Amino acid sequence: MKHIIVGTAGHIDHGKTALVKALTGIDADRLQEEKRRGITIDLGFAHLQLTPTLRLGFVDVPGHERFVKNMLAGVGGIDLVLFVVAADESIKPQTREHFDICRLLDIPRGVIALTKADLVDDDILALVRTEVEELVAGSFLEGAPVVPVSSVTGAGLEQLRQALARVAAEAPEKDASGHFRLPIDRVFTVKGFGTVATGTLVSGSVAKEQEVELYPAGRRLRVRGVQVHGTSARRAVAGQRTAVNLADIEPAELARGDVLSEPGVFRAVKQVDCRLQLLPTAKPLKHRAPVHFHSGTAEIEAQVRLLEGTAPLQPGGAAYVRLVLREAALLLPGDRFIIRMFSPVVTIGGGVVLDVGAAGKTPCARLDVLASADAAERIALLVREAPFGMGMAGLVARTGLVESEIAAAAARAPVMTIPQPQPWYVDRAWFQTARERMVQTVREFHRRNPLQPGIAKPDLRPAGAPPFVVDALLTDAAGEIVAAGDTVRLRGHTLVLNEDEQQAREAIERAFRQAGLAAPAVAQVLAKSGVEPARARSLLQILLREKHLVRINDDLVVHQSAMEELRRMLEARKPVRFNVGTFKEWTGVSRK
């Protein structure tokens with residue numbers, strides 16, 4: 001079954017709700033005030049089984065200028081628009097504003113309905129058709145079916161259904177394999193069930209008993225039940241009008257603009273970098289101008305910061321901007337948005353989110369890459385910007401892509417994969433440079449510390465670098481360096497003592513051998529070695545590594561021969577029980 005969401009658009013009182021009712025038999029005006037005033041104030045919903053394999057979900061939006069923000073809450077998730085123009089009034093102000101909104105949201109297709117066709121003669125109808133075709137020329141609606149219709153007489157309804165079926169057949173289904181996202185447009189209580197939230201499922205799927213997260217609050221919730229178009233279902237998939245019954249939360253704790261999504265995958269943000277298109281009818285947009293930001297079902301006050309200089313953006317122009325939001329929201333790259341002025345409250349532009357990890361000054365060349373359709377280029381940029389690469393979870397949060405898409409893109413990008421429970425990606429050029437730097441560091445360590453076997457592995461790890469990145473660098477450099485435990489050395493490195501060092505080494509070992517178990521003070525032995533303290537300590541470490549000496553504690557070192565003699569002595573007395581005093585008599589050593 002293919003599920004397509006159809007949104008109405010058009011001026012107030014041009015018959016959008018009546019047309020939806022005529023097509024579906026469902027009255028989308030659900031509020032008493034709407035019925036009393038005869039206008040749609042908030043979103044309404046209906047559905048139509050158009051063919052055995054095609055189901056349309058209708059989002060009926062208000063046309064009154066005061067309720068355009070409600071219109072924006074419903075139009076974001078639609079697949080095609082049913083653009084309504086009354087034949088007895090033709091194009092009006094909200095006709096144009098709704099048309100602009102549809103273009104800015106990049107809605108790809110639609111059908112034009114000339115309603116109230118029974119109220120005008122053929123000449124007027126032809127004139128209105130011409131005016132509408134002039135309005136949509138050069139847009140996504142150019143060449144779209146134009147169907148005269150009457151919701152009163154039923155004339156043209158069958159032709160409209162056929163046109164909707166043809167256009168809907170061309171629309172791709174929403175991605176049910178993507179990450180689950182349900183922007184909430186309604187919240188209410190159902191007696192006996194509790195809190196219910198509804199919305200258009202724009203991506204992924206949701207099932208009964210699934211755990212979800214409420215954004216931006218970050219609260220984990222359980223889905224007690226799922227409904228699709230008013231009917232209970234075990235699972236809802238992208239493209240369906242969906243209601244979820246949520247456990248352990250009150251309706252007052254939810255609001256339109258919140259988003260239900262997968263737990264622990266994303267994070268709500270308060271600033272995003274975007275590509276903004278200003279309408280030709282707008283006034284110049286100043287740097288730091290306040291606006292109303294609309295995306296999905298959310299409406300948030302925001303500030304526009306121009307990223308290509310502070311000169312105002314001119315009407316009809318496009319630019320990269322940073323939007324600083326007053327409240328956090330779940331936004332992902334590719335999300336479309338609309339901005340409206342504060343006074344008068346009219347639509348002035350819109351665009352697409354490019355980056356949700358914006359920080360500091362962002363060069364426009366960087367945003368050119370993030371605006372690219374090539375996921376491999378975007379993945380390569382994000383990985384290159386991270387100090388030590390980025391894991392799969394980080395890339396999912398920054399891109400909104402699923403793991404299989406990221407893996408496929410990474411395979412085409414100049415990145416290396418470090419296998420982990422989840423893949424970790426590093427920039428190939430950075431990895432090569434870091435590898436060469438690591439080898440050089442080991443080489444320099446040997447030059448400065450000729451008596452040391454190698455550098456400690458922790459000393460090779462840059463601050464903040466994950467241990468597995470260092471291990472991958474060591475593995476890649478195995479032809480030149482060797483890791484033995486926590487020590488790293490050049491593969492060909494061997495200790496070569498000069499004459500005085502060899503003599504000092506023998507003197508240190510001899511002193512401990514002669515002392516036996518009566519361990520001498522380490523400092524005194526090193527002081528009499530004949531070399532300066534630093535080299536003497538290095539020679540002591542060599543003897544310890546080679547196991548000629550045994551360290552009991554920091555101040556107690558004995559020769560290996562003394563330990564062997566002690567083992568033989570105790571072996572011979574194995575059945576005998578003894579105390580400290582007896583041990584002193586056997587060995588001739590002090591209590592220590």
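A: A residue is called buried when its relative accessible area is under 20%, exposed when that area is over 50%, and partly exposed in between. The model discussed here is a predicted one.

With that cut-off, the strand to examine is β5, which spans residues 110-115. This strand is mostly covered, with six of its six residues buried. Beside β5 runs strand β4 (residues 80-86), parallel to it and joined to it by six bridges. One of the paired positions is L82, whose bridge partner in β5 is V111.

Within α17, the buried residues are A562, M563, L566 and M569. These four lie on the same side of α17, because they cover an arc of only 125° around the axis. In general, an α-helix has 3.6 residues a turn, so residues three or four places apart point the same way. The buried residues of α17 pack against the strands β29 (549-553) and β30 (556-559) and against helix α18 (580-587). The face turned away from this buried side carries the exposed residues E571 and A572.

The nonpolar cores come next. The largest of them has 58 residues, and those with the most contacts inside it are L285 and L323. Leaving aside residues up to four places away in sequence, L285 touches L276, L278, V291, V304, L306, P312, L313, I339 and I348. Another core, of 29 residues, lies apart from the largest one and includes L354, L395, L401 and A410.

Charged side chains complete the picture, with 23 salt bridges found in the whole structure. In one of them, the side chains of R219 and E253 meet at 2.5 Å, N to O. This pair links distant parts of the chain, 34 residues apart: R219 belongs to strand β12 (residues 219-228), and E253 to the loop between β15 (241-246) and β16 (259-261). R219 counts as partly exposed at 31% relative accessibility, and E253 likewise counts as partly exposed, at 39%.

A further salt bridge joins E308 and R275, whose closest N and O atoms are 3.8 Å apart. E308 is in the loop between β19 (298-306) and β20 (318-329) and R275 is in strand β17 (residues 269-278), so this pair ties together parts that are 33 residues apart in sequence. E308 is partly exposed, with a relative accessible area of 47%, and R275 is partly exposed at 31%.

Because they are four residues apart in helix α11 (residues 428-448), R448 and E444 are separated by about one helical turn. R448 is exposed, with a relative accessible area of 60%, whereas E444 is partly exposed at 24%. Elsewhere, salt bridges link D355, R366, E385 and R398 in a network.

Conventions: Residues numbered from 1 in each chain as written. Predicted model: local features only at pLDDT ≥ 70, side-chain atom pairs only at ≥ 80, totals over all residues. Heavy atoms only, no water. Core = buried A, V, L, I, M, F, W, Y, C linked by side-chain atoms within 4.5 Å. Buried < 20%, exposed > 50% of the residue type's maximum accessible area, 1.4 Å probe, protein only. Contact = heavy atoms within 4.5 Å. Salt bridge = Lys/Arg side-chain N within 4 Å of Asp/Glu carboxyl O. Helix = DSSP H or I, 4+ residues; strand = E, 2+ residues; numbered from the N terminus. Arc of directions from axis to C-beta. Pairing = 2+ DSSP bridges.
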